[in-house]
Amino acid sequence: GKYDATDWAAVACSSGEGTFGLFFHAKHFNAEVLAHEVFHCTHRIADWVNLKFDIDNHETFALLHGYLFRLVFDLTRRHLK
């Protein structure tokens, strides 16, 4: 649907059916924004597989976040400020 893309830095989204996306506005793209959105994506994936963010799953979340961060970082590093 329509989305007003004039006042945002980045967004993490999902289809609800296992497709996840990250979108970044070049003007505001930096390491903090990247880490922030990858964290949201980590949670969306965990929610999709019914994994709760609790003491029993902290390591699983950290490993998934690290993996996703490396994937996105490798694709976007030349654009980081």
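T76 sits in helix α2, which covers residues 58–76, where helices (H or I, at least four residues) and strands (E, at least two) are DSSP runs numbered from the N terminus. Before I go on, please keep in mind that this is a predicted model, in which local features need pLDDT of at least 70 and side-chain atom pairs count only at pLDDT 80 or more, while totals for chains, interfaces and linings use all residues. Residues are numbered from 1 along each chain as its sequence is written, and side-chain values use heavy atoms, with hydrogens and water left out.

So, is T76 buried or exposed? With a relative accessible area of 14%, T76 is buried, because buried means under 20% relative accessible area, exposed over 50%, and partly exposed in between, using a 1.4 Å probe and protein chains only. Leaving aside residues up to four places away in sequence, T76 touches F29 and L34, a contact being heavy atoms within 4.5 Å.

Staying with α2, its buried residues are F61, L68, V72 and T76. Seen down the helix axis, the buried residues of α2 fall within an arc of 65 degrees, so they line one face of the helix; the arc is that of the directions from the helix axis to the C-beta atoms. These buried residues pack against β2 and α1, whereas the face turned away from the buried side carries the exposed residues E59, L63 and Y67.

Which residues make up the largest nonpolar core? That core has 7 residues in all, namely F29, L34, V38, C41, I45, L68 and V72, and by a nonpolar core I mean a set of buried Ala, Val, Leu, Ile, Met, Phe, Trp, Tyr and Cys residues joined through side-chain atoms within 4.5 Å. Helix α1 (31–48) and α2 each supply at least two residues of this core, with the largest share, 4 residues, coming from α1. One member, I45, touches F20, L64 and L68, not counting residues up to four places away in sequence.

Finally, the cysteines. The structure holds 0 disulfides, a disulfide being a pair of cysteine sulfur atoms within 2.5 Å. C41 counts as buried at 7% relative accessibility, whereas C13, at 30%, counts as partly exposed. In β2, the bridge partner of C13 is G21.

Key:
Pairing = 2+ DSSP bridges.
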